[in-house]
Number of protein chains: 4
Amino acid sequence: MDIGITGLGRMGANMARRWLRGGHRVVVHNRSRGPVDELATAGAVPAYTLDELVAALKPPRAVWVMLPAGEVTERAIVALANLMAPGDTIVDAGNTMYKDDLRRAEELKARGIYYVDQGTSGGIWGLELGYCLMVGGDADVVARLEPAFRTLAPQDGYLHCGPVGSGHFVKMVHNGVEYGMMQAYAEGFEIMRSKTEFNLDLHKIAAVWNHGSVVRSWLLELAEDAFRQDPHLESIQGYVEDSGEGRWTIQTAIELDVPAPVITLSLFERFHSRKPESFAAKVLAALRKGFGGHPVKPA
Amino acid sequence: MDIGITGLGRMGANMARRWLRGGHRVVVHNRSRGPVDELATAGAVPAYTLDELVAALKPPRAVWVMLPAGEVTERAIVALANLMAPGDTIVDAGNTMYKDDLRRAEELKARGIYYVDQGTSGGIWGLELGYCLMVGGDADVVARLEPAFRTLAPQDGYLHCGPVGSGHFVKMVHNGVEYGMMQAYAEGFEIMRSKTEFNLDLHKIAAVWNHGSVVRSWLLELAEDAFRQDPHLESIQGYVEDSGEGRWTIQTAIELDVPAPVITLSLFERFHSRKPESFAAKVLAALRKGFGGHPVKPA
Amino acid sequence: MDIGITGLGRMGANMARRWLRGGHRVVVHNRSRGPVDELATAGAVPAYTLDELVAALKPPRAVWVMLPAGEVTERAIVALANLMAPGDTIVDAGNTMYKDDLRRAEELKARGIYYVDQGTSGGIWGLELGYCLMVGGDADVVARLEPAFRTLAPQDGYLHCGPVGSGHFVKMVHNGVEYGMMQAYAEGFEIMRSKTEFNLDLHKIAAVWNHGSVVRSWLLELAEDAFRQDPHLESIQGYVEDSGEGRWTIQTAIELDVPAPVITLSLFERFHSRKPESFAAKVLAALRKGFGGHPVKPA
Amino acid sequence: MDIGITGLGRMGANMARRWLRGGHRVVVHNRSRGPVDELATAGAVPAYTLDELVAALKPPRAVWVMLPAGEVTERAIVALANLMAPGDTIVDAGNTMYKDDLRRAEELKARGIYYVDQGTSGGIWGLELGYCLMVGGDADVVARLEPAFRTLAPQDGYLHCGPVGSGHFVKMVHNGVEYGMMQAYAEGFEIMRSKTEFNLDLHKIAAVWNHGSVVRSWLLELAEDAFRQDPHLESIQGYVEDSGEGRWTIQTAIELDVPAPVITLSLFERFHSRKPESFAAKVLAALRKGFGGHPVKPA
């Protein structure tokens, strides 16, 4: 089918490539020219402005937006909507908060433009293995885009989760679960490493766990790779970013009265990793000195 | 090789079957006769007492103990040791606390008997897929038992983790990680189910996540199966046991000064699942009434 | 001074009484007539509509709004602002989210009306002991209202925390801390009660802890009272509401990258208290059955 | 009454002083001579060896042991027991694990020596304000020692909690609660400090909260003092020790199937305060790089 895309970062460029391999006609746009030209050599139709992007597609158009969530995505969608015609569709494939989807879909509907949210998992491996797609939107709109989704997804397909917002909602929860799983492994490896008298080989443990244990998973295969390359992770700082979906998952859990201790603590552990010192800990030290005369370490 | 085993519960019986399929001579013992007779028909040598078990093996013997951790295992090992000779080996394949391994190995060493601890993961699927084995013990003793370990394990093998105790230690941490992963998924599914306006199909979500997402895993395949059979888990009470290794993992983390919030909270959530009401919550309700006049619900 | 107040629930009525005792002229309004009439007999000027309330006050007026946070407060403030004149002041004494303060103050400023946020702690005891007041707003506006604040507060006064929003912000964090402290006590009492072989008397323990221990506090005095009245809290259900500030504290902590595990877990424990059964726990039970064949309890 | 004490650290010396002020005859012993001589000048009977300590007391003797829990206390009690006679009593006033009390009482009973466990709270303030005492032991033995307990305690007394072990048990839980309360305050202060646009004065906030708020407490008075002396706690490192009772409280909660998330997370936050970097965080960083190509910070 005819596919437009704006945002050719790592994820967007790989999606475009996968579409090209799938035989689609792909019109590609990016803020800077480099990635556009690169994909043009791979067979894509280059568009150096949003006007060119929209003009190069036959109505009813479908344009994927694969940009950082928030302001950047918002501006791109507004600009696109101003150029598109009733019957066209915008697919937000980034990590947008689902409540923004609901608002946007409402706004675009008034102008006759359809909106679909696509949660996209698979990271840098999606190009080869296919992306796990969680899609939200009206059934007939999603159906019309199905050839594009089928090509992005692995053989067994993608999921139309439900109405607008549900795709990003499911992707958000996916990332919350991801935080919790990662932290579970991380705690386990730290406990094993701290039992120095056993001198355990974490790479071999990750490897054997991937053969028949209850905790085998793709993340554990990545851990196996990481320990193979750097058995004590000496080259890496224990500094961990978070990209927002974990925070939204917790906020959502709280709105829904669902206890989510594991996902929440996983986020807090990331906060710790980024703080050289905690003010809370200073308060504790001051209080211990106050009631028990326990010595404090001078700063 | 010549293998003895006492304890023919689900796990023990399956291990014996896998050894038999692997061409070993297996002498089997159990407290009750039924499982012994059943395995005898599958080719095992039956032993109706521990004396018979030991007598039916050629020295140096190797006897696997696959019994509930604690008193039952302790008694069996003491009884076996009294019947065995210097150079023989006892393998504890259950879920023993690693500190008990250290003590026992010391006691048996004085009598010339070797001790090996085998952490065994894979559950009811181990018979077909092979067991993930984490083994602790002296290198030469473990090497002598290797044919038995190789047969139990999947194709890519088992792991000799380190000295006595290290096998059960790694298995203990494995179970702690398992708790955390399970709780991460459980929170995610509860959040999605609570977002009723999206009317999400948890079975399809588990399925699509197993195709290319970051959180794909064997546990998620089991979740996919569970939701296929009972989409809203209506037939199941939310009552969750724990078998001890999670507790020990937390205790160990605390001894090693390792923060393990995710594993710990996973255990506490299981405690909650087994309590119809919490006394702590009563205290909270009483305090809220005390300072703010907030009404309490009468019992 | 001349004081207006709308909202004569438990907190509002007691504030009005304390002002009357302090010699202020207090004009009182409430949606229903009963509380207005009751306070009129105690010396207040009755106002049966907001028009009457505003008309009965000399400019520059100051009207306290003591209503449930959210829609109700919002509507009252909009209605008041439509009746008031430049130079007048609205004081929101409820539990408003501080971001709503910032927005409202901006909107009112355009009309020349001042806005002050007053966080109010002390519960039903404030009438006798004085309210702990945390006030946010422009310094000169707050200064003008000082006589009213001084009368509400205990002898040692109230705190002007900073600009608009800061009063409710500090009150919000106060409530988060309150959740954590309450949960700490609650866990301690549940642990002691569960150690049945010691047959501990929780009332006596609360009492002795209030004499010289590190954990003595006003909340513990309330616990002492509660256990005196009902030693095993048999008359109370372990069902615990939350009023919103705890949620906002956690949301704020997350926005500020501050780990707040204790406050967050305190909220999640309240969620648990209100759920007869957790879907997450059902997922866990289903998974345990899946990998280990562990029996589930039928629903 | 006639009182012996060994262990004249800060707590022990202050207890001896309080007894002397109360008119008791106090025989004092310490490993080093200095504290013994110092208390002798205050009226105590000096004893430079345990033999002298026991010899200087009239049977039936009562000797308080106020030493670091664990080996040191164990050795002192064994040594004392070897010198004492049937009918004498040993009071362990330190922070002993209650299970050690149970064991020791059993051992001493066989020799006719009584054992009492005294949990002691109040820190460095106990000398002036009295110590909060939680006492475990046989009722008649405790009754005989009552004059000593009454003098140590504040006016309203001490608590005989129950049988041997119960005093230290209640003190252990007290410390667990203390951890949770401290962490609740610490989180609140860190959140407020991180809201830099409000430029909040934490000292004034602690002060106003101590006047009429729900969270007022003795710990908060200590926080008020600490912020008065060092408003931003600039002189203090956020490094927080823990003394053992918190760990035991968690272990006990787990043994009793009681969820104790707040107490447990409070301990884990202390672990974090003492770690410049977490291995778990390195694992997380490595995994994020693995699936998403997210950059890691080089070590």
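This is a predicted model: local features need pLDDT of at least 70, side-chain atom pairs count only at pLDDT 80 or more; totals for chains, interfaces and linings use all residues.
The interface between the two chains involves 64 residues of chain D, which are in contact with 65 residues of chain C. The size of an interface is often given as the accessible area lost when the parts come together. By this criterion, chain D and chain C bury about 5,700 Å² between them, and 78% of this area lies on carbon and sulfur atoms. Within chain D, the most area is lost to chain C by I191(D), F198(D) and V214(D), which together account for 13% of what that side buries.

Several elements of chain D give two or more residues to the side that touches chain C: strands β7 (132-136) and β8 (159-162), together with helices α9 (166-194), α10 (202-209), α11 (218-229), α12 (245-255) and α13 (261-273). Of these, α9(D) provides the largest share, 18 residues. Classified by residue type, the side of chain D that touches chain C comprises 38 nonpolar, 18 polar and eight charged residues.

In chain B, strand β1 (residues 2-6) runs parallel to β2(B), and five bridges join the two strands. One of the residues involved is I3(B), whose bridge partner in β2(B) is V26(B). Strand β2 (residues 25-29) of chain B is mostly covered, with four of its five residues buried.

Terms used:
Residues are numbered from 1 along each chain as its sequence is written. Chains are lettered from A and ligands numbered from 1 in the order in which they are written. Side-chain values use heavy atoms; hydrogens and water are left out. Contact means heavy atoms within 4.5 Å. Buried area is the accessible area (1.4 Å probe) that two parts lose on being put together, summed over both. Ala, Val, Leu, Ile, Met, Phe, Trp, Tyr, Cys and Pro count as nonpolar, Asp, Glu, Lys and Arg as charged, and the others, Gly among them, as polar. Buried means under 20% relative accessible area, exposed over 50%, partly exposed in between (1.4 Å probe, protein chains only). Two strands pair if DSSP finds at least two bridges between them.
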